[in-house]
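Dear colleague,

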Amino acid sequence: MKLIVALLAVVVGVFLRAWALMKLYGWFVLPTFTNAPKLSYPIVLGLSMLLQYAVVPPKPSELKKEFKETDDENAALKSLAYSILIPLLVVLLGWIYTLFL
């Protein structure tokens, strides 16, 4: 069960990060750089995954620690909450920022 929740957290996180990136790109890049291309969701999804692992690559020591923590029932829930809340919070803050533009 814990493995299923952890995998769900990863999948949900990937799609939410892409959605957040697409929103922010539409709010801040397109109006500023009028010649910038409008990106489709599949392209943004790929860019999001690329940026996630290029900018913040997972460290082997952290992965080992996370696998050890999967014995804890709360670790899977924390992972799911992190994967969902961070992209939503970024979009919320971006939206609030657009109100002042």
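**What was found**

On the surface, L89, L92, L93, W95, I96, L99 and F100 form a nonpolar patch with about 740 Å² of accessible area together. Patches are made of residues with over 30% relative accessible area and no salt bridge, where like charges are joined within 9 Å and nonpolar side chains (Val, Leu, Ile, Met, Phe, Trp, Tyr) within 5 Å; a salt bridge is a side-chain nitrogen of Lys or Arg within 4 Å of a carboxyl oxygen of Asp or Glu, and accessible areas come from the Shrake-Rupley method with a 1.4 Å probe, with only the protein chains shown counting as cover for residues.

Please bear in mind that this is a predicted model, in which local features need pLDDT of at least 70 and side-chain atom pairs count only at pLDDT 80 or more, while totals for chains, interfaces and linings use all residues. Residues are numbered from 1 along each chain as its sequence is written, and side-chain values use heavy atoms, with hydrogens and water left out.

L89 lies in helix α4 (residues 73-98), helices being DSSP runs of H or I with at least four residues, numbered from the N terminus. With a relative accessible area of 45%, L89 is partly exposed, a term for values between buried (under 20%) and exposed (over 50%), with a 1.4 Å probe and protein chains only.

S48, in helix α2 (residues 41-55), is by contrast buried, at 7% relative accessibility. Beyond its neighbours within four places in sequence, S48 is in contact (heavy atoms within 4.5 Å) with V14, R17, A18 and L21.

With kind regards

Methods. Helix = DSSP H or I, 4+ residues; strand = E, 2+ residues; numbered from the N terminus.
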